[in-house]
Amino acid sequence: MNFLSYFRAQRKQTASVAKERLQIIIARERLQCAGGPDYLPMLQDELLAVVRKYIAVDRNAVRMQLDQEGDCEVLELNITLPDSP
Amino acid sequence: MTRIIVVTSGKGGVGKTTTSANFAAGLANAGRRTAVIDFDVGLRSLDLIMGCERRVVYDFINVINGEATLKQALIKDKRTPGLFILPASQTRDKDALTTEGVERVLDELSQEFDYIVCDSPAGIERGAYLAMYFADEAIVVTNPEVSSVRDSDRVLGLLASKTRRAERGEPSVRERLLVTRYAPSRVGRGEMLSVEDVQEILAIELLGVIPESTTVLNASNSGMPVILEARSNAGQAYQDAVARFLGEEREHRFLTEKKGLFGWLFGGSSA
């Protein structure tokens, strides 16, 4: 420690911000690339539109994931429904 | 059996050509017959970094098009025995590269060389794609900086899917990370991603860390790979990385900064 540390402590450690941002964006991009087909975001949009015709859900309440299980590709669609009043 | 190495990164300016030149020189110095190919058609730079720019007569594209033989185009390095350079064309564009043409040249080189180092251009277009397509090994060059790390991750995805090994279902390309332009003092102050951070995010084996150093630019200025400067930190770091590449175990050096009295008084609180 030294007498300049006092001033340093005020400054945001940008390296940790960088790491956090990278971890989030890379996780997302890996999913998009590995989850392959380009139509996935569009499919998600259209499915969401159908669900919304009947139930009011938020955009973020829909999760879509493409997994490989043995020889099969599994498309997993997860919709969190709002609590019924 | 010849091994084909691609030096790649996605992002430009991170040190691919410098790394290609130094690895090629290091491998040749270790007694391996080595050819290094510049895949950056239209924007060649390896010839300058290796100090043979005035000896270029024929290039990679000339050989692909049958306008010159491989023997005519290969430039023999003047300092390191067993090292040859195949320069890129400066006048054509990347469409001049064909998969069949590249394969033919690599096959012919394989009959004579132990290692073929492919210096990839930046980006993920044709030149970069063909530089990695036939690779057995990949050295992913990354700066401890957000856009470089993200691009490297993208390139790792391509290495796993768009290479001949991937398409044929053969054992995958061996991927190893080389962190360049590393500034331990800035890492200590929390201003730069640490090598552990980068490795954690990319999750591949670490081949080496090259410290940010003025000798690298000096070496480029004079057209001599820094690995030949046995006293410089960057040169020693490249020597270590090449030795690790060849299977030797070496401890990582230059990850922390030596501090003088001034640094101790005014520097950060890091070790």
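User: Which side chains meet B:Glu67 or B:Arg92 in a salt bridge?
Analyst: Those two meet each other. In this predicted model, the side chains of B:Glu67 and B:Arg92 form a salt bridge, at 3.2 Å from N to O.

User: Where do B:Glu67 and B:Arg92 sit in the chain?
Analyst: In distant parts of chain B, 25 residues apart. B:Glu67 is in the loop between helix H3 (60-64) and helix H4 (70-73). B:Arg92 is in the loop between strand E4 (83-86) and helix H5 (99-110).

User: Is B:Glu67 buried, exposed or partly exposed?
Analyst: Partly exposed, with a relative accessible area of 42%. B:Arg92 is partly exposed too, at 30%.

User: New topic. What does B:Arg44 pair with?
Analyst: B:Asp47, in a salt bridge. The closest N and O atoms are 3.2 Å apart.

User: And is B:Asp47 buried or exposed?
Analyst: B:Asp47 is buried, because its relative accessible area is 5% and the cut-off for buried is under 20%. B:Arg44 is partly exposed, at 23%.

User: What about B:Glu170?
Analyst: B:Glu170 forms a salt bridge with B:Arg168. Their closest N and O atoms lie 3.5 Å apart.

User: How accessible is B:Arg168?
Analyst: B:Arg168 has 53% relative accessibility, so it counts as exposed. The cut-off for exposed is over 50%. B:Glu170, at 33%, counts as partly exposed.

User: Which residues are linked in a network of salt bridges?
Analyst: One such network links B:Asp240, B:Glu248, B:Arg250 and B:Arg253.

User: Last one. How many salt bridges does the structure hold?
Analyst: 20, over all chains.

Conventions. Residues numbered from 1 in each chain as written. Chains lettered and ligands numbered in written order. Predicted model: local features only at pLDDT ≥ 70, side-chain atom pairs only at ≥ 80, totals over all residues. Heavy atoms only, no water. Salt bridge = Lys/Arg side-chain N within 4 Å of Asp/Glu carboxyl O. Buried < 20%, exposed > 50% of the residue type's maximum accessible area, 1.4 Å probe, protein only. Helix = DSSP H or I, 4+ residues; strand = E, 2+ residues; numbered from the N terminus.
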